[in-house]
Amino acid sequence: MASTSSSNPKVSGYSIYTRSRAKREKLNMDFKEVSVGRVDANKIVSRAVSKRQSLKKIRGREEKVVEVKTPGVESPHSDGEQKFEPEKAENTSEKDDVSMCFEPSTSSYIDVIERCGKEAVVELLQWLLKGPTEPEVFFAEKWEKQPFLIQRLNGDYYSGLYSIKEFEKAVNENDLHYDTEIDVVAYVDGERKTLKNDIRVLPSFLWGAFKEGYSIRMRNSQLYTKSLESLCSLLEEYFSSYVDANMYLTPADTQGFPPHYDDTDAFILQIEGKKLWKLYAPSEREMLARHSNPDLSETEIGEPCMEVELHPGDMLYFPRGYIHQAKAAPGIHSLHLNLSVSQLNTWGNFLQHALSNALNEAVEYDIEFRKSIPTDYLDYMGQVHSDTDSKERQDFQKKAFSLIEKAYEYVSLDYAADAHGIVFIHRAVPPFLTSPEKFCSVHWNGACIEDGRALVSQELNFNTKIRLIRKRAFKLVMDVNGTRLYYSLFNTKDRKQKEVDCIEVDPEDVPALIALFKAYPAYIKVKDLPHGNSAQLMACLQPLYDNGFLLTEERVPFDE
């Protein structure tokens, strides 16, 4: 069986905690290579444990739309300084979206996150994209196609999400370093200028640089702030892809970075102050760029297709590949967040798994792929021979294309989904759990000490309703080598874990786990899970609950 490419993460396997009455098993797992080939149902081997996070339904309060701005109208902001004219976007295939205005709302990010569940993932998107355009319409018509702007008459819209005070706290309480966590930059006279003070970030140097006109970028701000951690965790649940929150703090009337484009889609959230953004339509080759580009000069980028000044509460989306630059307004600093999504999560990345594995499988099972190529192939193949049409060259091409066609028969999209999913699990942030979720799982409800007595939650019973704690925190992979449950619950927040965690699943337990995946986010009674042996079913589920992989609908009481 062919293995995945060397870029895939190394796998580590663990035994899991079980109560004294349950059978303890050592799970012998140390896969140096992950093989996720075609599945022979008769050969599936498995023994499963998972960690997941669950969410409570969110009840948000809707804002009434009082006005929709059309191209060529003035900004809704009270100072009346900026004008948004999206019809100027002559280089785009479609017109850039119009600005949208809303009346202030008392709904906040805190309201959303405290009621999260899988349902909250949907409500979070509604909160992020709050406006006349529903999330379904945004993803159908704007996503990966063109910029999308929402302007709100609500400077407190992102209240509770982030602030300069949060950044200052992160700097004071953490050992941060330049080039990895912090960048201090300025864009002056067409050049990027970078400041460093040795390696470690000192607050006095940082704020001194800010006073002198340097911008500050904090990468992966979600590592240091709970609100951003929960935001990224929920968005990863939706996108099935990494989501990072980078912070940009810019002094008044200055610019930190030269024009450039990125390899991620950007959701820009204006938290404090004002910032003028200029976007430039990409070429066909740059659209949905796979890699970020070096700094560009003003002479290379042409005229902007969009110019807009963001105020607190505003949101600007643009796809990867769009050239952009931004400058803080005169007289006031700017603080914004860039939610970066969709890095290396394309059809191209997905099919790399499928095609690489297909070729490996073909070599494994078809002798034609293992035969030697002609000894004289260098005499008629290669770029220097591309203008010739000899019989030898024609025969070589015919043979090669016939093998390519045969290799197609070995393509498994399910293999590709498993391999790509494992890569996501490896880099995903651990799921963020709300208070209600912790209350109905061992994360708060497993055990405690009271008056010197140890209290432990009761064991599950056949009427207990359970579900996975978070669906995207797991990937169940089945192949001829067995069944393994990969999980992200114990990942490090900085995504630097060297191995991806997994456990083996007993073949008889597989149907019950599949039922949990398919039922999510609904709860299901233990007795309703498919299994041929009720005692073995409980021996599988209890360790899952005890290790924090399962959530119960009602809190499991403590033993007296």
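Reader: In which loop is Leu288 found, and what is its phi?

Author: In this predicted model, Leu288 is found in the loop between strand 10 (275-280) and helix 7 (298-301). Most residues other than glycine have a negative phi, and most peptide bonds are trans. Leu288 has a phi near 55 degrees, a positive value in a residue other than glycine, and with a relative accessible area of 31% Leu288 is partly exposed.

Reader: Where does Asp189 lie, and is Asp189 buried or exposed?

Author: Asp189 lies in the loop between strand 5 and strand 6 (191-195), and its relative accessible area of 76% makes Asp189 exposed. Strand 5 and strand 6 form a hairpin with two residues between them, and Asp189 in the turn has a positive phi of about 55 degrees.

Reader: How should I read the pairing of strand 5 with strand 6 and with strand 7?

Author: Strands of a sheet pair through backbone hydrogen bonds, either parallel or antiparallel. Here strand 5 runs antiparallel to strand 6, joined to it by five bridges, and Ala186 stands opposite Lys193 in strand 6. Strand 5 also runs antiparallel to strand 7, with four bridges between them, and Asp183 stands opposite Arg217 in strand 7. Six of the seven residues of strand 5 are buried, so strand 5 is largely enclosed by the rest of the structure.

Reader: Which residues of helix 4 are buried, and which are exposed on the other side?

Author: In helix 4 (residues 164-173), the buried residues are Phe167, Ala170 and Val171. The buried residues of helix 4 pack against strand 5 (182-188), helix 5 (203-211), strand 7 (215-218) and strand 8 (244-250).

Reader: Which residues of the largest nonpolar core touch the most other members?

Author: In soluble globular proteins, nonpolar side chains tend to be buried together. The largest nonpolar core here has 49 residues, and those that touch the most other members are Leu161, Phe167, Ile182, Met247, Phe267, Leu269 and Met315. Helix 6 (residues 226-239) gives the most to this core, with six residues. A second, separate core has 34 residues, including Phe474, Val510, Ala515 and Phe517.

Reader: What does Met247 touch, leaving aside residues up to four places away in sequence?

Author: Leaving those residues aside, Met247 touches Tyr162, Phe167, Ile216, Arg217, Met218, Ser221, Leu335, His336 and Leu337.

Reader: How are aromatic pairs described, and how many are there?

Author: A pair is described by the distance between ring centres and the angle between ring planes, with planes over 60 degrees apart counted as edge-to-face. The count comes to 29 aromatic pairs. Tyr157 and Tyr158 form an edge-to-face pair, with 5.5 Å centre to centre and 80 degrees between the planes; Tyr157 counts as buried at 2% relative accessibility, and Tyr158 counts as buried at 3%. The rings of Phe474 and Phe549 have their centres 5.8 Å apart and their planes at 55 degrees, so that pair is tilted. This pair links distant parts of the chain, for Phe474 is in strand 18 (residues 474-479) and Phe549 is in the loop between helix 14 (534-546) and strand 22, 75 residues apart. Phe474 and Phe549 are buried. One aromatic cluster is formed by Phe138, Phe139, Trp143, Phe148, Tyr238, Phe239, Phe267 and Tyr317.

Reader: What is the strand order in the open sheet of three strands, and which strands stand at the edges?

Author: The order in this open sheet is 21-17-22, with antiparallel pairing. Strand 21 (524-525) and strand 22 (550-552) stand at the edges with a single partner strand each, so one side of each is left without a neighbour in the sheet. Strand 17 (residues 465-468) pairs with strand 22 over three bridges in the antiparallel sense, and the bridge partner of Ile466 in strand 22 is Thr552. Helix 13 (residues 510-519) packs on the sheet, touching strand 17, strand 21 and strand 22, and its direction makes about 80 degrees with that of strand 17.

Reader: Where is Pro521 found, and what kind of peptide bond joins Tyr520 and Pro521?

Author: Pro521 is found in the loop between helix 13 and strand 21. The peptide bond that joins Tyr520 and Pro521 is cis, with omega about 15 degrees.

Key. Residues numbered from 1 in each chain as written. Predicted model: local features only at pLDDT ≥ 70, side-chain atom pairs only at ≥ 80, totals over all residues. Heavy atoms only, no water. Core = buried A, V, L, I, M, F, W, Y, C linked by side-chain atoms within 4.5 Å. Buried < 20%, exposed > 50% of the residue type's maximum accessible area, 1.4 Å probe, protein only. Contact = heavy atoms within 4.5 Å. Pairing = 2+ DSSP bridges. Axes fitted to C-alpha atoms, helices over the stretch in contact; angles between N-to-C directions. Phe/Tyr/Trp six-rings, centres within 6.5 Å; stacked < 30°, edge-to-face > 60°.
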